[in-house]
Amino acid sequence: MSTQLLTNAISFEENPLYETIINDILEQGFSICDVFFTESLISDLREEILTRYTQSELKKAAIGNRVNESIEKEIRGDYIQWIDEQKANTTESQFFDAINSFKNYLNKTCFMGLLHQEFHYAVYPQGTFYKKHIDTFQNDDRRKLSMVCYLNDEFWEDSNGGELVLYPENLEEVVIRPLPGRVVIFESQILEHEVKEILKDKRLSITGWLKTR
Ligand code: OGA
Ligand code: MN
């Protein structure tokens with residue numbers, strides 16, 4: 001073994017958190033993790049999304065990609081803003097540091113060939129929802145893993161609604177409350193899911209995708 005290879009082999013450290021997520025995804029197609037980000041980063045990101053929403057920077061989301069774009073409020077009612085990693089502020093850079101570390105780990109251990117990522121802020125006002133769907137477009141299958149990161153505060157209750165429901169094949173549906181700091185990761189091309197109607201307040205998140213070329 002060359003010195004460089006040896007150094008790489010020795011310097012690789014297994015990450016128990018990432019290993020758990022990877023095992024979950026291999027076994028059931030999704031993973032739910034409540035400790036992916038620090039609490040302080042989550043509260044900084046919450047402040048960030050609320051400021052942007054208040055300043056009307058988030059726009060009504062469309063269905064599909066640019067080729068077949070249309071706004072259908074019968075399908076989804078959220079407001080989004082894409083986050084430009086090149087122009088990220090300190091808070092957003094910390095977010096992308098965590099994402100990139102996870103992505104690099106996946107590439108090293110699972111040879112996933114993840115090259116890009118795209119993430120957006122999402123606010124679902126009261127009364128909105130996102131009907132059952134999968135996250136890949138007919139003319140673009142580069143999205144491999146979906147990641148949803150919830151930025152609600154600790155007062156988000158069951159009565160607020162807005163659950164994420166996953167529909168794994170051969171398993172019962174899984175109902176997930178959008179609690180602060182919770183991250184849900186799943187296979188974009190396979191797993192059907194929906195966002196239940198928000199009954200109270202507004203639901204805050206960052207959603208994104210790890211993509212191949
Ligand atoms: C999406 C999506 C889930 C959620 O934006 O495609 O399914 O819980 N989001 O916000
Ligand atoms: Mn989705």
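Is E19 buried, exposed or partly exposed?

1. On the basis of the note: this is a predicted model, in which local features need pLDDT of at least 70 and side-chain atom pairs count only at pLDDT 80 or more, whereas totals for chains, interfaces and linings use all residues. Residues are numbered from 1 along each chain as its sequence is written, chains are lettered from A and ligands numbered from 1 in the order in which they are written, and side-chain values use heavy atoms, with hydrogens and water left out.

2. On E19: the residue is partly exposed, with a relative accessible area of 22%, where buried means under 20% relative accessible area, exposed over 50% and partly exposed in between, for a 1.4 Å probe and protein chains only. E19 belongs to helix α2 (residues 16-28); helices (H or I, at least four residues) and strands (E, at least two) are DSSP runs, numbered from the N terminus. Leaving aside residues up to four places away in sequence, E19 touches E14, Y105 and T109, contact being taken as heavy atoms within 4.5 Å. From E19 to D34 the separation is 15 residues in sequence and 15 Å in space, C-alpha to C-alpha.

3. On the helix pair: the axes of α3 (residues 39-54) and α4 (residues 90-110) come within 10 Å and cross at roughly 125 degrees, and the two helices are therefore oblique to each other. Axes here are lines fitted to C-alpha atoms, for helices over the stretch in contact, and angles run from 0 to 180 degrees between N-to-C directions; those under 35 degrees count as roughly parallel, over 145 as roughly antiparallel, 65 to 115 as roughly perpendicular and the rest as oblique. The crossing of α3 past α4 is left-handed, a term used if the near helix is turned anticlockwise from the far one by less than a right angle, with right-handed used if clockwise. On the α3 side the contact is made by L41, D44, L45, E48 and R52, and on the α4 side by T91, E92, Q94 and F95. These residues divide into three nonpolar, two polar and four charged, where Ala, Val, Leu, Ile, Met, Phe, Trp, Tyr, Cys and Pro count as nonpolar, Asp, Glu, Lys and Arg as charged, and the others, Gly among them, as polar.

4. H133 is buried at a relative accessible area of 14%, and H193 is buried at 4%.

5. On C149: this residue of strand β6 (residues 143-150) counts as buried, at 1% relative accessibility. Not counting residues up to four places away in sequence, C149 touches F37, F95, R182, V183, L204, S205 and I206, and although C149 and F36 are 113 residues apart along the chain, their C-alpha atoms are separated by 9.1 Å.

6. On backbone angles that a colleague may wish to inspect: S56, in the loop between α3 and β2 (59-60), has a positive phi of about 60 degrees although it is not a glycine, and is partly exposed at 47% relative accessibility. N170, in the loop between β7 (164-167) and β8 (174-176), is likewise not a glycine and has a positive phi of about 65 degrees; N170 is exposed, with a relative accessible area of 79%.
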